[in-house]
Amino acid sequence: MSRMLNVLFIHQSADMYGSDKVLLSLVLGLDRNLYKPIVILPSNGPMLKVLEECGIEHHIVPLVRIGRTMLNLKGFISLPLIIWKSIRALNKTLKSMRIDIVHSNTLGVLSGAIWAWSKGIFHVWHVHEIIEQPLKVRKGFALLLRFFANWIICNSHATKEHLLLDQPRLQK
């Protein structure tokens with residue numbers, strides 16, 4: 001008999017909008033005899049109540065979330081410190097747990113990719129966004145996917161095709 005796999009889901013918010021609902025559907029849809037979901041969120045919000053009601057382990061940890069507010073010189077300069085703080089917090093929270101798979105739910109949440117890479121853990125990156133501008137950010141995210149994702153899930157064919165424009169090597 002094989003052992004249960006611990007799947008760490010890392011998400012950028014605790015709201016209940018599009019990608020939030022997709023994450024909740026994934027977590028609740030797992031066969032709990034085969035997988036144990038553990039959810040990391042950056043803050044309190046409506047999703048936490050649902051996770052609690054469903055008996056899903058969850059933790060609030062500061063995460064690296066790339067959004068429009070980070071797309072300036074100040075944001076770029078502060079990024080290494082924010083990454084360091086987030087990885088340190090994840091290490092502290094997860095120190096006694098065995099994690100088999102990390103699932104980052106959206107491009108904007110970098111903590112999962114960096115933490116999984118630092119630990120040598122299989123990383124699934126779930127892409128919900130089509131980023132068109134600025135061009136450097138669009139190409140940068142495609143490059144991050146190439147180097148930090150073992151498996152990529154796109155929410156649509158259009159999202160996949162858009163990523164392949166900048167990183168054809170993502171096609172597997």
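Trainee: What does the accessible surface of the protein chain come to, and how much belongs to carbon and sulfur atoms?

Mentor: Accessible areas come from the Shrake-Rupley method with a 1.4 Å probe; for residues, only the protein chains shown count as cover. Here the protein chain exposes about 9,800 Å², and carbon and sulfur atoms hold 59% of that surface. The model is predicted: local features need pLDDT of at least 70, side-chain atom pairs count only at pLDDT 80 or more, and totals for chains, interfaces and linings use all residues. Residues are numbered from 1 along each chain as its sequence is written, and side-chain values use heavy atoms, without hydrogens and water.

Trainee: How many aromatic pairs does a search of the whole structure find?

Mentor: Rings of Phe, Tyr and Trp (its six-membered ring) pair if their centres lie within 6.5 Å; planes under 30 degrees apart are stacked, over 60 edge-to-face, and the rest tilted. The search finds one pair. The ring centres of Trp117 and Phe148 are 5.8 Å apart with planes at 70°, so the pair is edge-to-face. Because Trp117 belongs to helix α4 (residues 111–119) and Phe148 to helix α5 (residues 135–148), the pair ties together parts 31 residues apart in sequence. Helices (H or I, at least four residues) are DSSP runs, numbered from the N terminus.

Definitions and conventions: Helices (H or I, at least four residues) and strands (E, at least two) are DSSP runs, numbered from the N terminus.
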